[in-house]
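Dear colleague,

Please find below the structure that I am handing over to you.

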Amino acid sequence: MQEELIRFTADEADAGQTVREVLQKRYGVSRRLLIRAKFKGTITRNGTLVFVNERLQAGDELAVMVDIEEEETVAPEEMPLCIRYEDEDLMVIAKPAGLVVHPTGNHPGGTLANGVIAYWKKRGEARRFRAVNRLDKDTSGLMIVAKNQWAHEQFSRMQQDRTLHRYYQAIAEGIIASEEGTIDAPIGLAENSFITRQIRPDGQAAVTHYRVLARGDGMTFLELKLATGRTHQIRVHMQSIGHSLAGDDLYAGGREHIGRQALHAARLSFVHPRSKETMAFAEPLPDDMQALLQKFFPALPVHDKEGM
């Protein structure tokens with residue numbers, strides 16, 4: 001079975017260039033994917049097979065198909081999806097707290113992946129679920145799902161180059177004195193655990209930037225920006241400076257006032273891999289975090305409580 005890697009219509013800028021040059025230089029198709037397309041896929045121009053050293057003319061429609069390395073095993077399960085944006089390459093989805101992103105041994109079904117696969121199947125699209133950024137089960141907010149291998153590769157490159165910008169909002173216990181700061185501390189698995197992470201010298205590099213949005217009654221409202229994307233990164237880093245997230249009982253936060261970690265992926269921005277347009281998305285705080293703000297930050301203006 002094959003899936004579409006990329007499809008486009010050549011314009012005047014592409015005219016006279018080879019298929020290989022346009023795919024690699026303009027669209028950033030890696031050498032690895034190009035080789036796969038040549039030997040385990042098809043490259044067509046106007047519906048006819050074409051060699052990568054042939055030159056394009058304006059108006060040519062190029063389609064690159066590749067064999068699917070592994071069949072999608074996630075079963076389709078219809079569920080409501082909060083899709084904030086979708087095009088031929090990507091989806092931006094607002095994930096609610098309590099929803100697992102991908103099936104696991106403990107959560108074999110009922111995940112976001114199951115819902116997305118069902119959504120595509122209903123539209124007659126055969127795709128694999130490729131999450132660009134994953135959120136913990138009890139973290140709410142914005143996620144990107146790549147709709148093809150090419151887009152997924154481009155987003156992976158953005159993450160490496162740190163041009164995919166991810167901003168979170170969180171409510172931490174205690175009053176953080178500094179207006180802003182950076183937590184630079186490596187993270188690895190805790191001893192004798194497959195879930196809990198901790199700061200450890202032999203862990204993976206992890207950097208989190210934060211700034212204080214408001215201080216309330218024993219709580220601090222923060223915006224955080226990830227420079228790296230380690231599992232539980234914000235949660236571990238906040239615990240490490242003595243300010244666990246409210247509700248995060250895995251990392252010493254109390255659940256008296258909210259039943260999950262008070263963490264929300266509030267904003268995303270990136271340059272679209274195909275159009276090169278700057279894309280920016282924002283998602284308001286969910287009701288449980290709004291209620292926490294209203295309780296502990298009574299002086300915060302209403303419009304700030306709705307997502308700054």
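Is leucine 222 buried or exposed? Leucine 222 has a relative accessible area of 0%, so this residue is buried (buried means under 20% relative accessible area, exposed over 50%, and partly exposed in between, with a 1.4 Å probe and protein chains only).

The model is a predicted one, in which local features need pLDDT of at least 70 and side-chain atom pairs count only at pLDDT 80 or more, while totals for chains, interfaces and linings use all residues. Residues are numbered from 1 along each chain as its sequence is written, and side-chain values use heavy atoms, with hydrogens and water left out.

The chain as a whole

The chain has seven helices and 16 strands (DSSP runs numbered from the N terminus: helices are H or I with at least four residues, strands are E with at least two). Its C-alpha trace spans about 65 × 40 × 40 Å along the principal axes. Of the 308 residues, 49% count as buried.

Leucine 222

Leucine 222 is placed in strand β14, residues 219-226. Glutamate 256 is 34 residues from leucine 222 along the chain, and their C-alpha atoms are separated by 20 Å.

Lysine 95

Lysine 95 belongs to strand β6, residues 90-95. Lysine 95 is buried yet has no salt bridge (a side-chain nitrogen of Lys or Arg within 4 Å of a carboxyl oxygen of Asp or Glu). The nearest side chain of opposite charge is that of aspartate 138, 6.6 Å away (Lys and Arg count as positive, Asp and Glu as negative; His and the chain ends are not counted). The side chain of lysine 95 does reach the backbone oxygen of lysine 137 at 2.9 Å, and that of threonine 139 at 2.9 Å.

Leucine 250

Leucine 250 is found in the loop between α5 (233-240) and β15 (263-271). Leucine 250 counts as partly exposed because its relative accessibility is 35%.

Yours sincerely

Definitions and conventions. A polar contact is a pair of N or O atoms within 3.5 Å; within protein, one must be able to donate a hydrogen and the other to accept it, and residues adjacent in sequence count only if both atoms are side-chain atoms.
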